[in-house]
Amino acid sequence: MSSFTRRSTKQTPIPLGTRVLPGSTSNLITSTGIPSLDDILGGGLPLSCSQLILASDIHSAYGELVQKYFVAQGLAAGQNVCIISERAKDFLDGCMWLPGSNNSISAGTSTFTTGAEDEEEETAKNHDAKIKIAWRYEQMKQFQTTVSSSNQSADDFCRVFDLTSRMPASTINQAVSSKQLAFFDVPVLDSTKTSTRSILKQLSEFLVASAKGQEGALTPLRICVPSLGSPAWGDNKPEDLCYFLHSLRNVLRKHPNSCASISLPPHLCVERWGGPGWIQKLGWLSDASISLTAFSANLSLSAMFPSHHGFVHIHSLPSPSTLLSPSDKFSTLRGLTSSGENNLAFKCMRKRLIFETLHLDVEGGVGERRTTPATLATVVHDATHHHTHEDSSTTPGTATIEVQIEEIQKKTEVVSIADAAVAEKGETASPSTTAKKPKQRKKVAFMSDRPDLYDF
């Protein structure tokens, strides 16, 4: 009998609501509450890292919506949450919650409406699954523009939330009493001073105190700053915000069980406030920086992409303990492993927020049969008509397109068999010769005063 015994090391338990970072064994990640955003980040937000959400549209609040997902996911997974805001309680009252909760926007009818809508969605999916174009396409995967979240409803890592439900007051009170939820009010200072340094000092002391009070596996701590640099923070300058972001990232490195999510007010998310390269600087000072550019201020983009609500721009991605971001290898939406990085967009549906690949819709829609020409098509009614598309104020570098439709003056006589037989007998044939309608030939001419621009 051999005396060899294998040495087995005890595996440390993984904290609540976390997973091991793909491609790494020493880093943990936690969910942002949005499965598609987790996929863009490479599986989730790594602990000891920070993410910055920029939303420059003043007519919407998509940046704040992402922050609410971040807080709701932390409370649902049993993690500690710290909110730094002058209106923290109002912000928390507007957070979404798990589907089927009693505290719903449409009280009394939400349960029945949810069930009916779910049945309709399942019926539509089954109907689409039965459609087959040809036998050679049966084995192909169904085209998807985002990652699915149906299998994550019972997973603590990423819960499925319903935008029509609100976080119950009992859940908030219980989290506050158990010290799972903490609020940091922005101190009121002189109008010429800023609150960034005092907040950093309080946050550092809070992290040290929370680490001492825990034994064994530390519970992850989420730090949420919904509106950094708002008027309540005082007279902020670009260097003040840069100092806060850089110092916050340094504090997170000292406490590997914590992560942070920050968003800026809309007027601070533009280049003209911080000067040239302002957005790029913010990306350097954060582990992950993403901009949500809504279409509400641009009607042409809203008409062009009716199924989406804005573009998603990635400025930086987290890469803990490595030079290459895990998103470059494991992200499905970015698609770097197949055909290059995809264009990303987001849309806010009735019950959830989705990040997906940007795609053009079918012209005219897919729910109705096309019986009339498309609205963008131009129908030429006149047989001989000449169109010239040109602007009265012609500028260098413009091009004109001429479309000319000609008639073919050619008639084809069609003689029936009976008339041919009559003609052989020498009799007079009946006037049954008919002429086809003249065909139309279209000529397209492309002219430009600078042909070098269009030299393909």
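Visitor: How do strand 12 and strand 13 pair, parallel or antiparallel?
Guide: Antiparallel: strand 12 (residues 310-316) lines up with strand 13 over three bridges. Keep in mind that this is a predicted model.

Visitor: Okay, what stands opposite Phe311 there?
Guide: That's Ala345 in strand 13. On the strand 14 side, Ala345 stands opposite Glu356.

Visitor: And how many bridges hold strand 13 to strand 14?
Guide: Five, again in the antiparallel sense, with strand 14 covering residues 353-357.

Visitor: What joins strand 13 to strand 14?
Guide: A hairpin, with four residues making the link.

Visitor: Is strand 13 largely enclosed or out in the open?
Guide: Largely enclosed by the rest of the structure, because four of its five residues (344-348) are buried.

Visitor: Let's zoom out. What's the strand order in the sheet?
Guide: The order is 8-5-9-10-4-11-12-13-14, nine strands in an open sheet with mixed pairing.

Visitor: Which strands sit at the edges?
Guide: Strand 8 (181-184) and strand 14, each of which pairs on one side only.

Visitor: What does the twist average from one strand to the next?
Guide: From strand to strand, the average is 20 degrees.

Visitor: Which strands does helix 7 touch when it packs on the sheet?
Guide: Helix 7 (residues 238-254) touches strand 4 (50-54), strand 9 (221-225) and strand 10 (258-263). The direction of helix 7 makes about 160 degrees with that of strand 10.

Visitor: Switching to cysteines. How many disulfides are there?
Guide: The count is zero. Take Cys224: the nearest cysteine sulfur belongs to Cys95 and is 7.8 Å away, while a disulfide needs the two sulfurs within 2.5 Å.

Visitor: Is Cys224 buried or exposed?
Guide: Buried, because its relative accessibility is 0%, and the cut-off for buried is under 20%.

Visitor: What about Cys269, buried or exposed?
Guide: Cys269 has 8% relative accessibility, so it counts as buried too.

Visitor: I've also been looking at Ser331. Where is it found?
Guide: In the loop between helix 11 (327-330) and strand 13.

Visitor: A loop serine, then. Why does Ser331 count as buried?
Guide: Because its relative accessibility comes to 7%, and anything under 20% is classed that way.

Visitor: Which residues is Ser331 in contact with, leaving aside neighbours within four places in sequence?
Guide: Asp39, Ile40 and Pro326. With Asp39, a polar atom of the Ser331 side chain lies 3.1 Å from the backbone oxygen.

Visitor: What backbone nitrogen does the side chain of Ser331 reach?
Guide: The one of Arg334, at 3.3 Å.

Visitor: Back to the whole chain. How many helices and strands does it have?
Guide: Twelve helices and 19 strands. The chain has 456 residues, and 39% of them are buried.

Visitor: What share of the contacts join residues at least 24 apart?
Guide: Counting contacts between residues at least 6 apart in sequence, 70% do.

Key:
Residues numbered from 1 in each chain as written. Predicted model: local features only at pLDDT ≥ 70, side-chain atom pairs only at ≥ 80, totals over all residues. Heavy atoms only, no water. Buried < 20%, exposed > 50% of the residue type's maximum accessible area, 1.4 Å probe, protein only. Helix = DSSP H or I, 4+ residues; strand = E, 2+ residues; numbered from the N terminus. Pairing = 2+ DSSP bridges. Axes fitted to C-alpha atoms, helices over the stretch in contact; angles between N-to-C directions. Contact = heavy atoms within 4.5 Å. Polar contact = N/O pair within 3.5 Å; in protein donor to acceptor, adjacent residues only side chain to side chain.
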